[in-house]
Amino acid sequence: MAPSLSKYVTKKTVFGAASVSVILWLLTRRKNQSKSKARRPPHMDIQYMIGDKSQSKTKAQVDAVFFKQIRHILSIAIKGVLTPEAGFLLLVAGSLVARSLCDIWMIQNHTSTENAIVTMDKSRFRKHLLEFLIAMPVISLVNNVLKWGIGEIKLRLRTRITHYLYDEYLKGFTYYKMSNLDTRIANADQLLTTDVDRFCDSFADLYSNICKPLLDIFIYVYQLTTNVGGATPGLMMVYLVFAGMFLTYLRRPAGRMTVQEQKLEGEFRYINSRLIANSEEVAFYMGNNREKLTLLAAFQKLTDHMRHFLEFRVLMGTVDNLVAKYLATIVGFYAVSMPFMDASHLVLAHASKDDRFKQYYASGRMLVKLAEAIGRLVLAGREMTRLAGFTARVTEIITVLKDINQGHYKRTMVDSKGSTNPAIENGKENGVAVSNGITTPLIPNSGKIIFQDNIIRFNKVPLVTPNGDLLVKELSFEVCSLFIPFRLKILIFLLKFYYNFSYSFRFLQVTYPHTREEMLRRGKTDADLTQHLERVQLSYLLQRDNGWDTIADWIDVLSGGEKQRIAVILYHAPQFAILDECTSAVSVDVEGSMYDYCREAQITLFTVSHRRSLWKHHEYYLQMDGRGSFEFKKIEPDTEEFGS
């Protein structure tokens, strides 16, 4: 006779087998992880520095700092109680009140309708159905007015915050300073667009998700206290407090994870845009595989973090369901049973069975609504933690913009050994410049800029790279120009290639940043522009369909030489012009005609170039040796020319 397996299936054998199985599974998992690390994809070894340039880590959690930050942001978005934004907040609050009242009315109407069905009262049944039919349009209108109000709050908050940020971002040269002088924010575009949008969405949704449950709790607590006493709602409120504290404590990492996710999203988007902007150079060097590895490395960082964040949210979602739904249901059943099982209750103890059932049915529905409101309020803590992450991101760019506009910079320097060193800390202005191992203290914005016509003078001005390398300790020189009144601009910079975006030919290529209306207001006409175009031998560009109003992708349409010749069309007629390698893509004869054109326009030129052919077009030269010394002298017949 075969032995019975049931003899061997005991608690000890089952426990032992389970333990061995778990140990084997853990050992196998560890071995597989070791193999996967050994076979890690090649793009995981790619190292780059794009996103997180600062050494500080942004903290984001629901605490006093969070409430201070969100109060500051809302003071920017909501200017007062008489603003449209405040009006829509009140509209949403009123819609929430109306919706709660509609819910209570529907509970009473449905209870009466079902009671009429059970008691076979046809007249009451038809009456309650007719009441519900009449109330349906009102209830539908209330729900949709609520949705409209929430949508308008999102749009108006985003509009206010975006206008404020762009006012600060495009004030003077702040946008340039943020990219080149301050290292706290690498991807301003991510903060100005996606993060602001998500902050507004999260705040508007949270406003609704908190106000509605709070209002429901107040109404249902009052109704239940009136009908069955205060013990039932009191027990539910105690549970709300402790459950909320417990879940808020567990959700603390969510804010930090949200901040990190947004940073990695911005980094991944920046690498894609960088490839688009430098596609020609990458193509010449056949760097597609290298760029692919870099993109995959950034994407892997993003997906790894998102997967880790997803696992955390799943775990927290499980805990949320247990605490905010299932345990809340058990507590709710116990709470609602208390007055009905109390023999000393003044009303329910002496009521008939039908009355007790009707009262339990109505109270039970209210208690279900109360439990749902408590659950939504507890779960709103999850959204509040996520909002803390977006709030920290928006606060970060507001703080940096304010600091830069006040002349405060924070920059991570790179020393001669290649290690990073924060040269400006704790919001102080003082930095250091380094030359041959000697440090020189610097105070940004401590110099004076005096606007005086007909002259450019540098008086003991230090020249320092953004990384803090001191080129010249004290630069002093003076250049005068022929004074011509009524100049549109005193000084203009002409770079190697002009700013070529897809605007009209007139607006971008010649009159930028003036529109046609501004050009006409200043006394210029299209005939004047055409004359300028003929002088640089580019009149054939007007043969396109719309002439000056032609819109094209000028980066691809124009050649390098055409771009540089257009750049020298000095519609603004400045007294001084600084030319930075702006003739590198043209021949020597065209270069000479361009400089003759500027001389005829009586413009004093500063040229940065390596071309020896340009010496004859200038009267002075400024040479720096890279070790802190310089020469500023008049060009004489015996002056030794340098360059290529």
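The model is predicted.

**Helix 17 and its surroundings**

Helix 17 covers residues 588–600. Its 13 residues reach 18 Å from the first C-alpha to the last. That is close to the 18 Å expected at 1.5 Å a residue. Several of its residues are buried: V590, E591, G592, M594, Y595, Y597 and C598. Their cover includes two helices, helix 14 (526–535) and helix 16 (560–567). It also includes strand 8 (576–580) and strand 9 (604–608). After the helix comes Q602, with a positive phi near 55°.

Strand 8 and strand 9 also pair with each other. They run parallel and are joined by five bridges.

**A hairpin and its aromatic neighbours**

Strand 10 (residues 620–624) and strand 11 (residues 630–634) run antiparallel. Five bridges join them. L622 stands opposite F632 in strand 11. The two strands form a hairpin, with five residues between them. In the turn, G626 has a positive phi of about 80°.

Aromatic and charged side chains also meet here. F632 belongs to one aromatic cluster with F458, F477 and Y620. The charged end of K634 sits over the ring of Y620, 5.1 Å from its centre. Elsewhere, the charged end of R313 sits over the ring of F309, 4.6 Å from the ring centre.

**Aromatic pairs along helices**

The count of aromatic pairs comes to twelve. One of them joins Y166 and Y169: the ring centres are 6.4 Å apart and the planes stand at 70°, so the pair is edge-to-face. Where do Y166 and Y169 lie relative to each other in helix 4? They are three residues apart in helix 4 (residues 122–169), so about one helical turn separates them. An α-helix has 3.6 residues a turn, so residues three or four places apart point the same way. Y166 is partly exposed because its relative accessibility is 32%. Y169 is buried, with a relative accessible area of 16%, because buried means under 20%.

F199 and F203 form a stacked aromatic pair, with 6.4 Å centre to centre and 15° between the planes. Both lie in helix 6 (residues 188–228), four residues apart, about one turn of the helix. Are F199 and F203 buried or exposed? F199 and F203 are both buried.

| Pair | Centre to centre | Angle between planes | Type |
|---|---|---|---|
| Y166 and Y169 | 6.4 Å | 70° | edge-to-face |
| F199 and F203 | 6.4 Å | 15° | stacked |

**A loop contact across the sequence**

D549 lies in the loop between helix 14 and helix 15 (554–557). Its relative accessible area is 42%, so D549 is partly exposed. Which residues does D549 contact, leaving aside neighbours within four places in sequence? D549 is in contact with S504 and R506. D549 and R506 are 43 residues apart in sequence. In space, their C-alpha atoms are 6.2 Å apart.

Conventions. Residues numbered from 1 in each chain as written. Heavy atoms only, no water. Expected span 1.5 Å × (residues − 1). Buried < 20%, exposed > 50% of the residue type's maximum accessible area, 1.4 Å probe, protein only. Contact = heavy atoms within 4.5 Å. Pairing = 2+ DSSP bridges. Phe/Tyr/Trp six-rings, centres within 6.5 Å; stacked < 30°, edge-to-face > 60°. Lys NZ or Arg CZ within 6 Å of the ring centre and 35° of its normal.
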